[in-house]
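Have the model open while you read.

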Amino acid sequence: MKKLHSLESREADEAANIVEMTDILRRKMELDYAKGNTRRDAHPKTVALLKANFQIEADLPKQFQVGIFAKSVNHDCWIRFSNASGKIQSDAVKDARGIAIKLMAPKAKGSNVEVPLGQDFVLLSSPVMPLGTVAMFRDAVYYTIESSPLLMAAKFFLTGKAGALLGLLGLRISPDSLLDIRYWSTTPYLFGKDHAVKYSLVPTSKHRSKTSDDKDDNYLADNMQLHLNRHVASFDFCVQLQKDGMPIEDAGVLWDEEESPFIKVATLTIPIQKFRSKQRSELAEQLSFSPGNALAAHAPLGGLNRARIAIYTALSKFRHKRDSRTNLE
């Protein structure tokens with residue numbers, strides 16, 4: 001069992017809930033996918049896997065010169081845009097949307113070999129995760145897969161958690177492009193030894209996709225490719241420092257931006273590129289992204305992160321072993 005940081009506290013039955021969720025989701029993957037084509041249990045539909053650059057800001061204030069942000073370094077990275085639904089479905093269906101960033105280590109002089117730095121950032125198109133505790137996460141997994149969503153709704157109403165159901169509905173969006181919207185980590189991360197932060201990506205591209213009511217099954221990838229045919233895309237990568245009253249163990253509670261504004265620490269730049277190829281699609285399935293892929297200075301915090309890491313690790317190993325596929329972390 002993972003040793004807790006002083007900022008963390010463990011929920012009752014947390015370990016048992018994580019084991020139960022892992023088993024349920026593994027069985028679901030076996031039923032949903034044939035061997036050789038086992039998809040992720042979460043965010044299985046890749047909208048795009050893109051090459052990008054992650055440039056650390058120069059001359060950051062001292063308190064932000066932490067971990068990878070200590071020096072102004074430019075990292076190559078892979079970024080995966082995805083739909084959150086546990087099943088492959090049309091982009092036209094309203095859904096939460098995700099972005100995962102995998103930083104690569106600086107290349108040795110004269111080398112073309114890509115080596116992961118060991119730092120991923122996983123973000124969602126929402127500032128909060130309504131199912132913000134392990135217990136609520138467990139209930140959602142159990143009732144939607146093994147039992148009945150109606151029974152889950154009844155339990156949430158009876159236990160005073162009806163707001164989480166409304167929050168889940170609020171996660172579903174239908175943007176014109178995934179390059180034009182904002183993302184948040186929803187969960188907190190260590191920033192140095194004793195401070196916690198949340199992350200956010202703020203879109204800054206000069207070009208924006210046109211609004212259209214004609215949205216087909218893959219319109220998000222279509223609009224992204226139209227953008228990247230002729231225009232660079234960009235985001236500000238920002239951190240928000242934890243202040244008093246901002247919880248670590250409940251990702252469903254919003255950290256107030258007025259009380260603690262997000263501060264830019266890096267720029268994510270996505271160059272013009274063609275991403276729709278068999279090779280890129282295969283690489284998207286090989287790569288694993290996880291909040292657990294983090295350097296010590298940016299270690300994940302909180303129960304939801306502990307659950308995600310344990311579940312992602314177990315199911316990623318299962319998926320790659322089942323399909324005889326190399327796991328690229």
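Q: Which residues do ring pairs link into a cluster?
A: Quick housekeeping: this is a predicted model, where local features need pLDDT of at least 70, side-chain atom pairs count only at pLDDT 80 or more, and totals for chains, interfaces and linings use all residues. Residues are numbered from 1 along each chain as its sequence is written, and side-chain values use heavy atoms, with hydrogens and water left out. Rings of Phe, Tyr and Trp (its six-membered ring) pair if their centres lie within 6.5 Å; planes under 30 degrees apart are stacked, over 60 edge-to-face, the rest tilted. The cluster joins Phe54, Phe64, Phe69, Phe121, Tyr189, Phe191, Tyr199 and Phe237.

Q: How many aromatic pairs does a search of the whole structure find?
A: The search covers the whole structure. Its count of aromatic pairs is 13.

Q: Is the pair of Phe54 and Phe69 stacked or tilted?
A: A ring pair is described by the distance of the centres and the angle of the planes. For Phe54 and Phe69 the centres are 6.5 Å apart and the planes at 50°, so the pair is tilted.

Q: Is Phe54 buried or exposed?
A: Buried means under 20% relative accessible area and exposed over 50%, with partly exposed in between (1.4 Å probe, protein chains only). Phe54 has a relative accessible area of 0%, so Phe54 is buried.

Q: Which ring does Lys102 lie over?
A: A charge sits over a ring if NZ of Lys or CZ of Arg is within 6 Å of the ring centre and within 35 degrees of the ring normal. Lys102 is 5.1 Å from the ring centre, over the face of Phe289.
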